[in-house]
Amino acid sequence: MVDFADFTLPDDPAAAWAAPGAEPLVSPRVRALIAQVFGIDGAIDGGDAATKRADVVATGDERAANGGGAAAGGAARDGASALPPSPLSSAAHAALASAVGADHVRTDDAARAAHANGMSYLDLVRRGRASAADGPPAPPDAVVEPADERQVAAVLATASEHAVAVVPFGGGTSVVGGVAPERGPFGAVVALDLRRLDRLVELDEVSRTATLQAGLTGPRAEALLAARGFTLGHLPQSFERATIGGYAATRSAGQLSTGWGRFDALVERLRAVTPAGTLSLGRAPGSAAGPDLRQLLLGSEGAFGVITEVTVRIRPLPQVRRHEGWRVDSFAAGTALLRRLAQDGPRPDLARLSDEAETALGVATAGEQAGEGCLLLVGWEGSEADVAGRALATAALLREAGAVPLGEEAAASWRSGRFRAPRLRDELLPLGLVVETLETATSWRDLEAVHAAVGEALRGALADATPLVACHISHLYAAGASLYFSVIARQDSADPVGQWRAAKRAAGDAIAAAGATITHHHAVGADHAPWLADEVGEPGVALLRAVKSHLDPAGVMNPGKLLP
């Protein structure tokens with residue numbers, strides 16, 4: 001299983017993934033290859049990538065110098081404040097302090113800068129730009145840290161009374177602008193940091209459920225459950241930072257979602273505080289008591305209220321974990337095999353198929369090549385008998401179809417590098433590269449067409465930037481699967497923000513035109529909102545607006561997110 005002690009959260013959730021002093025992942029040889037492939041003059045060589053990283057994201061030294069916060073992009077690096085004074089009124093500040101305690105209403109630069117953005121490519125690039133247009137993200141005017149549900153309710157009441165926008169903030173890992181502190185029509189905005197809601201409230205060993213507070217990080221939640229012999233088993237790539245509340249608010253998916261289910265499928269009950277009151281939803285494993293109102297909160301991204309607690313299904317810690325690599329002739333051949341496993345079984349817990357480009361780049365195996373064709377990963381976790389039986393039956397099916405076994409080493413290589421990918425991006429950005437991802441899901445019938453259309457759209461939009469577009473399937477359903485695209489290209493140094501926005505728009509339009517979903521697990525945030533009406537229709541958008549109007553009459557909850 002994952003060693004949860006390996007995950008230590010850095011002080012600044014907004015600057016970069018790598019901890020201060022971390023060893024560089026990109027070798028001088030790879031940097032030289034990047035310069036050659038992408039035609040970048042003066043690409044960083046030697047070992048000074050960490051020192052040059054300050055041009056794009058705040059360095060570990062800056063985080064330490066700012067008391068755990070990060071200097072915002074364009075900040076003076078001599079220690080002088082670069083943030084404008086907080087416009088939060090004295091009356092609002094006093095009321096918030098009364099709600100959560102004066103020590104937990106922070107207006108210092110370190111706290112505000114640390115909650116200024118999520119972790120998308122544009123978030124990090126903008127932090128390094130001093131220009132007013134598309135420059136550093138505006139920070140919240142205060143960071144408020146409630147300790148319990150009662151304090152959350154008091155904060156929302158204060159915000160509604162004093163016309164202050166509220167942005168719920170967990171691990172800050174949104175890559176779609178979901179935690180951007182937008183004021184909307186209000187004079188001030190606060191980040192509602194939920195880190196103090198960090199308890200395992202209850203573990204029901206008979207029903208195999210656990211009630212977890214929203215501020216628990218993935219590693220902490222797993223450690224608490226493991227101490228009692230259980231696991232949630234939800235491991236998204238943002239695992240080390242992301243929180244339970246964030247999982248719920250974005251409908252997160254993890255590496256075992258094919259077998260164990262997406263996070264929203266694991267939720268039995270939830271509690272959420274809204275400006276209109278507290279919702280406690282879910283009483284039984286199944287119910288016919290009207291529409292399932294849990295689904296209005298799952299994926300709501302803080303636009304209706306604040307998820308404070310969820311009760312989720314858990315499993316005993318698996319006795320055995322077995323993940324294997326296989327080589328298949330083509331992406332089409334691998335897709336057909338995954339469809340067969342998803343529809344007819346034996347269903348794997350982990351399934352991932354890299355297309356030819358991703359396999360060739362070695363993305364899936366952290367630099368190791370799988371040879372010709374495409375890399376297919378399958379895995380099972382559970383009892384010895386269950387894992388042995390499913391692995392044996394899967395191997396027979398794959399061999400019959402002509403797949404070549406690569407052994408457990410290929411999967412181990414991918415697994416060991418999976419959580420390093422965000423750190424790798426940190427090092428690639430200052431080399432002058434665009435490094436970003438996007439995802440969708442569609443039916444098996446349309447999957448190859450969507451794969452081709454989105455790839456073509458990205459390559460066309462970035463045609464002048466030597467783009468490399470890679471993709472993998474990573475979450476299977478009986479009716480279809482997800483597609484996850486990775487993009488590397490030469491950055492337009494004059495307008496990196498406009499460059500990626502054009503590429504993202506082209507990809508989003510291609511996804512919508514193909515009838516696929518605009519997001520499988522990254523959520524809507526601000527970035528995907530332009531396509532929401534296409535997906536749910538104008539009546540659907542009107543319905544969501546009506547829900548928001550009822551639960552959040554003043555409109556203070558996370559302005560500019562979810563709704564177009």
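**Pockets, cavities and listed sites**

Modeller: By class, the residues lining the second largest pocket are 13 nonpolar, 5 polar and 9 charged. Please keep in mind that this is a predicted model.

Biologist: What volume does the second largest pocket have, and which residues lie nearest its centre?
Modeller: The second largest pocket has a volume of about 660 Å³, and of the 27 residues that line it, Leu122, Arg126, Arg501, Ala526 and Asp527 lie nearest its centre.

Biologist: Which element gives the most to the lining of that pocket?
Modeller: That is H19, which contributes 4 residues to the lining of the second largest pocket. Helix H6 (121-127), E16 and H19 each supply at least two of its lining residues.

Biologist: How many cavities of 30 Å³ or more are there?
Modeller: The count comes to 2 cavities of 30 Å³ or more, and the second largest cavity holds about 40 Å³ of space.

Biologist: And how are such spaces found in general?
Modeller: Rolling a probe the size of a water molecule over the atoms shows where empty space is left.

Biologist: Which residues line the second largest cavity?
Modeller: Its lining is made up of Leu438, Glu439, Lys504, Ala507, Gly508, Ile511, Ile518 and His528. By class, that lining has 4 nonpolar, 2 polar and 2 charged residues.

Biologist: Changing topic, which residue does UniProt list for "active site"?
Modeller: The UniProt record, an unreviewed entry, lists Tyr484 under that heading, and an annotation of this kind may be inferred rather than shown by experiment. Tyrosine 484 has its place in strand E18 (residues 480-490).

Biologist: Is tyrosine 484 buried or exposed?
Modeller: Tyrosine 484 counts as buried, because its relative accessibility is 12% and the cut-off for buried is under 20%.

Biologist: So what does tyrosine 484 touch, leaving aside residues up to four places away in sequence?
Modeller: On that basis, tyrosine 484 is in contact with Gln237, Thr437, Leu438, Glu439, Ala470, Cys471, His472, His521 and His522. With threonine 437 there is also a polar contact of 3.1 Å between the two side chains. Leu438 and Glu439, which are among the residues that tyrosine 484 touches, are also among the residues lining the second largest cavity.

Biologist: Which residue is listed for "binding site"?
Modeller: UniProt, again in an unreviewed entry, lists Arg425 for that. Arginine 425 lies in helix H17 (residues 421-428), and at 9% relative accessibility arginine 425 counts as buried.

Biologist: I also wondered about histidine 451; where is it found?
Modeller: Histidine 451 is found in helix H18 (residues 444-461), and it counts as buried because its relative accessibility is 17%. Not counting residues up to four places away in sequence, histidine 451 touches Phe331, Asp355, Cys471, Leu483 and Phe485.

Biologist: Where does threonine 466 have its place?
Modeller: Threonine 466 is in the loop between H18 and strand E17 (468-473). Although threonine 466 is not a glycine, its phi is positive, at about 50°, and with a relative accessible area of 30% it is partly exposed.

Biologist: And alanine 523, buried or exposed?
Modeller: Alanine 523 is buried, with a relative accessible area of 8%. Alanine 523 lies in the loop between H19 and helix H20 (532-551) and has a positive phi of about 80°, although it is not a glycine.

Biologist: Last one, how many helices and strands does the chain have?
Modeller: The chain has 20 helices and 18 strands, and 55% of its 564 residues count as buried. Among contacts between residues at least 6 apart in sequence, 75% join residues at least 24 apart.

Notes:
Residues numbered from 1 in each chain as written. Predicted model: local features only at pLDDT ≥ 70, side-chain atom pairs only at ≥ 80, totals over all residues. Heavy atoms only, no water. 1 Å grid on protein atoms, 1.4 Å probe; cavity = no way out; pocket = protein on both sides within 12 Å on 5 of 7 lines; lining within 4 Å. Points joined across faces, edges and corners; volume = space filled by probe spheres on them. Nonpolar A, V, L, I, M, F, W, Y, C, P; charged D, E, K, R; others polar. Buried < 20%, exposed > 50% of the residue type's maximum accessible area, 1.4 Å probe, protein only. Contact = heavy atoms within 4.5 Å. Polar contact = N/O pair within 3.5 Å; in protein donor to acceptor, adjacent residues only side chain to side chain.
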